[in-house]
Structures are given as structure tokens and as C-alpha cells.
Amino acid sequence: MEDTKVEPPRTIDNVLQLLGSLGRYQLFQAVLLAVGNLSICFHLLNFVFIAQDAKEQCEVTPLYGNSTDTNYGTCDVSVLNSTTNVTTTHTCNAWTHGVKNDYSIVSEWDLVCGNVFFARLPQSLFIVGQGIGAATVSLMSDKFGRRPFLVMSHVLTAGAGLALAFAPNIAAFSALRLVNGIFQQGIVVTTYTMLMEAFPRSRRLEVAMFNALSWSMSTVLLTGTAYLLRDADWRTMQLCFVSVSITVLLHIFFLGESLRWLITNKRAKGAFAIFKRAAKMNKVEVSNVPLPGIGTETAPVELSSTKSKYAETPEKHTEVVKYSCLDLVRTKFMLKICAVVWFSWLIDSLTYFSLYLTSSSLADDHYLNFFLNSLAEIPSGPLNLFVGKRWGRRVFFMFFHVLAGVCLLSATAIRTFVVGQAASTAATVLAFIGKIGNSACFNAMFVYAPEIFPTNLRSAGMGSGSTAARVGGMIAPFISILAAIAPWAPGIIFGVACLVTAALNYMLPEAEGRELPQTIEDVKAWGKAPARD
């Protein structure tokens, strides 16, 4: 190991650059966080497979018999009185399903016809739980540290998921899905926050692409797992899904705290421990190297942007800058940013999940259809890297929101006014392109949001935005009801909303080329064009 002199780092980005922008330690941490995507995915999307439709029909009962005058439908029985020629209808009280009774929660607990609401309730409560988790667990990780609450969220999510497999009835199942959603969202918010904090500005998009691809691969693995277990009962399937949470052991033993969070909060002992651990793994000599604001008598120097270039300016604050969640909306500047982020995330989530729920199947097979939808996620990471790196985050969001809006409006117009196989194919292709654009924006917001909130407001900002996304997710199931009444309405709503979101994105600051901000003042100093060193 060479003993080389290094200049004292002035900023946290300098610290990360000193350790190596893609050093072994940082890459190892990124892989650990990406592995956590398996747990996020398997707990979020497992409901699709354990609550499959059961193809029900009223069970034949002695009361009505099985004569030619009796017709057993899906939800009722019609009996024709041959003497009076009058037909009476009776509601079913038992069903025969096209699958074995323990195939899904729908078939086991007869969640059909008048009970269909209870089949949808667990997923709605899961989304409510996600909103609660985004608004609470995220705040605690800002105050007490990223790692403890990530590990806690993994453990409690696994516990709730395990209990789901033994739920005796739909009430207990729904309550456990609520708990599952609360802590699953703690994993989501903290994972993305730690990932963005682990790398300097020059590498954030590459790491974000890697994480997006790991999410896509997780959905593909989920499909494969569900397909292999397609003949198993839903409880066995749930146990297999929750088993991926064993990856939390990797986080307990190998995941380190966010160095950026430690430095920002003046946790000197922990910061130097992580710094030296990373340096040793990266084979970088850092003896007697002070960290910004820690172990040095000189006030640290921060980088702030002026238009498109960086200028070094003395840092005015040497103490830890503490914020509360009210600081997200206390000033006009932060309120504007939050309002745009919240609206964008709500619309992206609403459009994303509604397209999945209301779009025509890409294939007749349930598993193949889910697999193809998973493949549609893959372009989001490379697109974010290609466009965001060259033209910035704002241009990325504006362009792909416009693309999604135009494609969805065009697809709706073709389906409404043009008939024929060619028109149907064109509409499907346009809708699929629109879905790719929407997926790109939805996934990229997990990268952009951590970049525009200060360190001690980062998880709170992420959590509040993710809560807005959950509101969109809760509205999405009801879009199918609207689609049944007016098939053209969802496409019009989504298309116009995406175009409005594109216009609002112009108001956001540009994060490309800039170090993650420590204070609100750092964000205020940014311009609307990417900064170039």
C-alpha cells in the first residue's frame, strides 16, 4: 500500500472521491442494498399470485336441485317454475371453484360476488400501510440513522409476511397486510436514500441504473418462483416468498451506516470508523485525513453552484443543521419543490398501477403476462442514465412525461374512433410505449427525490413523496370501475395528467452534476441547467 499525501477533503463528495468513486466498499454496499430489492419485490407483488381469481360458480344445493329448470350462475341461482312459467332468482351462499379450495385466498374464503370487496381490501390496506411507513419510518431514519431502521424494517416485514401464511381468516390477513406495508415502505425509502448517499455525484446515475435493473430482475425472479409453485396452495407460496427476507442477515453483518449521514450529524466516532473501513477495503491510505467539519479547526468549505459552474465558497454553518418535517413546507421555496414532487409521484403511481389493472393482457397466460410486464420495467434504468447524464433530470422527466401523455392520448383516440386489427395493434404499441415512459418517470423519482432534499430532510422528503405515490396507488383500483363505464376516460385522464406534470417539472431545480445538499440553502443555490465541473 503506497503512502501518498492527500489534500484534506473539503466536502463529503471529496471524501467519497478520495475513497474511490466506484471503490470496492461502495460497490459492496450497493450490492447489499440491491439484494434487498428481492425482499421489497416479493412482499409488494406477491398478492398478485396468492389472490388469483377462482373461476367460481354457485354450488349445487339440494334446495334447488340440478334439474333443467335450474340455472346455477356465478353469483345467483335461477329457478324456473314449469307450472307458472315464472323464474325466481336466489343469491348463492356457497360456491364451487375452478381450482382447489386452498389455491388462493379468494377460493379458500369465498371472496367472490358480494364478498369481492374483501378480496381487494388487503391490497388497499397494504398501500395505506405503505403511506404510514413512508411518513413515519423515514422520519426516524433521518434522526437516528439509516442502517438501524433499514434492518428493523426488514425484520418486521419478514415477521408480518411469515404471519400472513398462517392467517385464519380474511380479517387477520388484511390486518397483517397493513403491518406488512408499513415496514416494507421503510425498506424502500431507506434503501434508495442510502444508495444515493453512498456515491459522489459523478456516479449516482450509474448506481441508480444498477438498482433499477436489480428491481426488474427481482420481478422476473418473482414470476419464475410463482410459476414453479403454481400447483402449490397459497400458504406454501407465501412461505416461499417470505423466505427471501433471509437476506437481512447480510445487512446485519455487512451493511455500514451512511457515511454522509454520519458526517452531516457530526458523529465523529462512527464516521471515522466507516471511513477507515472503506479505505482499507479500497486500499486507500487515509492516515490523519480529517473529515469535513469533523476533527479540523478550520470551517469546512462547501461547493455551491452558480448557474452551470461550481464555485468554492466558505461554508457558513459549522454546526449540525437540524430540520423537522415542517421545514418541507415552511418556506415558499421548499413548498414549491414538495408540491411538484408530490403531484408528480401521485400521477406517476396512479398511471403506473392503473395501466397494469386496466390494460389488455399482453398474453392469455397469467404468468407470461406478468413476465412481459416485468420486462417493460427494464428500459427505465438505461433511459435515466442516457438522458439524465446528458441533459439533466428535469429534461428527462419533462420528455418522458410528454412521451407517456402523447402515447396514451393517441392510443385512446385510436381505440375510440378507429376499428380493425391494424388500429388495435397500433393502439397496443402506443400504450406499451406510454407505459415505458411512465415506468421510467416513476422509477427515476426514487433517484431524483433524494438528490433535491437536504441530508437531514432526505428521508422525510422521500417519505412524503412516497406517501403521495401511495395515494395514487389507492385510487388506481377504482379506475377499472370508470373504465367499465367509459373505456376512453382513463386514457384521457392519464394522458392529460402526464402533460400537466411535464409542465410542472420545469419548476424543479437541476441535480445533475451537483453534490447532495446538506442544507436548504444548498438547494436554493442550484440553477435549472446541469452543473459541469
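Some ground rules to start. Residues are numbered from 1 along each chain as its sequence is written, and side-chain values use heavy atoms, with hydrogens and water left out. Since the model is predicted, local features need pLDDT of at least 70 and side-chain atom pairs count only at pLDDT 80 or more, while totals for chains, interfaces and linings use all residues.

The overall picture, then. Of the 533 residues in the protein chain, 52% are buried. Buried here means under 20% relative accessible area, exposed means over 50%, and partly exposed is in between, with a 1.4 Å probe and protein chains only. A contact is a pair of heavy atoms within 4.5 Å. Among contacts in the protein chain with a separation of 6 or more, 76% join residues 24 or more positions apart.

Next, the cores. A nonpolar core is a set of buried Ala, Val, Leu, Ile, Met, Phe, Trp, Tyr and Cys residues joined through side-chain atoms within 4.5 Å. The largest one has 88 residues, and Ile 105, Phe 173 and Trp 345 touch the most other members. Its largest share, 10 residues, comes from α17. Apart from that core lies another, of 19 residues, which includes Ile 12, Leu 262, Ile 263 and Val 289.

Back to Ile 105. Setting aside neighbours within four places in sequence, Ile 105 contacts Phe 47, Ile 50, Ala 51, Asp 110, Leu 111, Ile 170, Phe 173 and Trp 234. Asp 110 in that list is in the loop between α4 (105–108) and α5 (116–144). Asp 110 is not a glycine, yet has a positive phi of about 50°, and its relative accessible area of 24% makes it partly exposed. Lys 266, in the loop between α11 and α12, is another non-glycine with positive phi, near 55°. Lys 266 is partly exposed, at 28%.

How many of the 8 residues of α1 are buried? In α1 (residues 12–19) the number is 6, so the helix is largely enclosed by the rest of the structure. Those residues are Ile 12, Asp 13, Val 15, Leu 16, Leu 18 and Leu 19, and they pack against α2, α7 (170–197), α11 (259–264) and α12 (268–282). After α1 comes Gly 20, with a positive phi near 105°.

The other helix is α15, residues 380–391. The expected span is 1.5 Å times one less than the number of residues; for the 12 residues of α15 that gives 16 Å, and the end C-alpha atoms are 16 Å apart, which agrees. Buried in α15 are Ser 380, Gly 381, Asn 384, Val 387 and Gly 388. They cover an arc of only 150° around the axis, which puts them on the same side of α15; the arc is that of the directions from the helix axis to the C-beta atoms. Their packing partners are α8 (204–228), α16 (393–417) and α17 (421–452). Gly 392 follows α15, and its phi is positive, near 100°.

Is Asn 211 buried or exposed? Asn 211 is buried, at 0% relative accessibility. Beyond residues up to four places away in sequence, Asn 211 touches Ala 34, Asn 37, Tyr 192 and Leu 195.

Last, the rings. Rings of Phe, Tyr and Trp (its six-membered ring) pair if their centres lie within 6.5 Å; planes under 30 degrees apart are stacked, over 60 edge-to-face, the rest tilted. That rule gives 13 aromatic pairs. Phe 28 and Phe 254 form an edge-to-face pair, 6.0 Å centre to centre with 75° between the planes. Phe 28 lies in α2 (residues 24–45) and Phe 254 in α10 (residues 248–254), so the pair ties together parts 226 residues apart in sequence. Phe 28 is partly exposed at 30%, and Phe 254 is partly exposed at 38%. Phe 397 and Tyr 448 form a tilted pair, at 5.3 Å and 40°. Phe 397 is buried at 2%, and Tyr 448 is buried at 1%. One aromatic cluster is made of Phe 396, Phe 397, Phe 399, Phe 400 and Tyr 448.

Terms used:
Helices (H or I, at least four residues) and strands (E, at least two) are DSSP runs, numbered from the N terminus.
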